[in-house]
Amino acid sequence: MSTITIHLKNKEEETLMENLLKKMKVSFEKNEDDFELTDEMKRVIDEALKQDRSKAIDGKESLKRIRAKYGL
């Protein structure tokens, strides 16, 4: 069996390639270990790191507030 490696630029290309391979009945395996942060993800992380940590809340409190606000 041969192996071909394809580097895709974005999720849209990944979905297109998956659909194409499925329609052609070609077996494939995705390697999820090759993940890189996008510029947008890096920007969001950088903004979060700039926040005042004295105002931080834990995950349970965060979910409690989301439930209260959105009725989940």
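Let's start in helix α1. Glu 14 and Lys 11 both sit there, three residues apart, or about one turn of the helix. They form a salt bridge, and their closest N and O atoms are 3.5 Å apart. Keep in mind that this is a predicted model.

Stay with that pair for a moment. Lys 11 is exposed, at 54% relative accessible area. Lys 11 and Glu 14 also belong to a network of salt bridges, together with Glu 18 and Lys 30.

How many salt bridges does the structure hold? Seven. Here are two others. Glu 13 pairs with Lys 9, with the closest N and O atoms 3.7 Å apart. Glu 13 is partly exposed, at 25%. Lys 9 is exposed, at 72%.

Now helix α3, residues 59-70. Glu 61 bridges to Arg 65, and here the closest N and O atoms are 3.0 Å apart. These two are four residues apart, so about one helical turn separates them.

Next, the loop between α1 and α2. Lys 25 lies in that loop. Its phi is positive, near 60 degrees. Most residues other than glycine have a negative phi. Lys 25 is exposed, at 75% relative accessible area.

On to the surface. Phe 35, Leu 37, Met 41, Ile 45 and Leu 49 make a nonpolar patch, with about 480 Å² of accessible area together. Met 41 is in helix α2, residues 39-50. Met 41 is partly exposed, at 34%.

Last, the largest pocket. It holds about 1,400 Å³ of space. Of its 27 lining residues, the closest to the centre are Ile 6, His 7, Leu 8, Lys 30 and Asn 31. The lining has ten nonpolar, eight polar and nine charged residues.

How values were computed: Residues numbered from 1 in each chain as written. Predicted model: local features only at pLDDT ≥ 70, side-chain atom pairs only at ≥ 80, totals over all residues. Heavy atoms only, no water. 1 Å grid on protein atoms, 1.4 Å probe; cavity = no way out; pocket = protein on both sides within 12 Å on 5 of 7 lines; lining within 4 Å. Points joined across faces, edges and corners; volume = space filled by probe spheres on them. Nonpolar A, V, L, I, M, F, W, Y, C, P; charged D, E, K, R; others polar. Patch = residues over 30% accessible without salt bridge, like charges linked within 9 Å, V, L, I, M, F, W, Y side chains within 5 Å. Areas by Shrake-Rupley, 256 points an atom, 1.4 Å probe, with all protein chains shown as cover. Salt bridge = Lys/Arg side-chain N within 4 Å of Asp/Glu carboxyl O. Buried < 20%, exposed > 50% of the residue type's maximum accessible area, 1.4 Å probe, protein only.
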